[in-house]
Amino acid sequence: MERAVIRGNIRTVGGLAAVAVALAVVVSLVPRDEPGLIDPWRPPAGHVLADTVDLGDDRALRLWVKPGGWYVQSLVAGQHEASIGAGGRGDQFTVAEVFEAYVGTVPLPDARTVSVRSTGGVAVHVGVHEGAFIVAGAVAASDERRLLVTPLGPADVVLAAETSVPIAGRAQ
């Protein structure tokens with residue numbers, strides 16, 4: 001009977017060893033997410049990178065556009081932090097505060113750049129991409145309620161008079 005007990009113990013230890021080896025093989029074959037292999041954030045299909053605004057302190061905003069829509073991606077140290085987007089175009093100028101910048105839309109298809117400033121402020125020229133633009137938040141104080149936008153065409157030809165555009169979400 002003693003032999004049967006020893007044989008049973010050997011079978012148990014052998015069986016446990018075989019299970020451990022099988023588990024080790026399975027675990028080694030499971031794919032792992034390595035930092036370099038993770039797909040970077042991308043906006044929905046059809047959006048292309050149009051502009052980047054450097055905010056300093058290793059922070060930046062990227063404007064992604066497509067006809068009729070835009071996304072702004074916030075980056076810290078080159079890594080995706082957050083994003084927000086909107087769609088639809090109208091026949092009016094719009095401006096919204098997004099992260100630490102202003103994103104606007106221009107209803108004029110020939111606009112290549114816009115001149116943006118606060119009342120009494122210095123104008124900043126930024127590119128227009130698929131009818132959208134982005135400008136750093138430093139262009140206006142936090143208590144500003146409107147931005148002044150002038151659309152410019154090729155060779156900086158003024159396409160329309162300077163327009164006072166309310167900043168969406170701020171009390172007028």
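The model is predicted, so to speak by its record: local features need pLDDT of at least 70, side-chain atom pairs count only at pLDDT 80 or more, and totals for chains, interfaces and linings use all residues. Numbering starts from 1 along each chain as its sequence is written, and side-chain values use heavy atoms, with hydrogens and water left out.

Four of its five residues are buried, so β9 is largely enclosed by the rest of the structure. Buried means under 20% relative accessible area, exposed over 50%, with a 1.4 Å probe and protein chains only.

Look for Y102, opposite V135 in β9.

Now select V95, Y102, V114, V116, F133 and L147: these have the most contacts inside the largest nonpolar core, which has 17 residues. Such a core is a set of buried Ala, Val, Leu, Ile, Met, Phe, Trp, Tyr and Cys residues joined through side-chain atoms within 4.5 Å. β7, β9, β10 (146-152) and β11 (163-168) each give two or more residues to this core. Apart from it lies another core, of 12 residues, among them W70, V72, V103 and A132.

Finally, go to G120, in the loop between β7 (113-117) and β8 (124-127). G120 counts as exposed, because its relative accessibility is 76%. Its C-alpha atom is 9.7 Å from that of L148, 28 residues apart along the chain.

Key: Two strands pair if DSSP finds at least two bridges between them.
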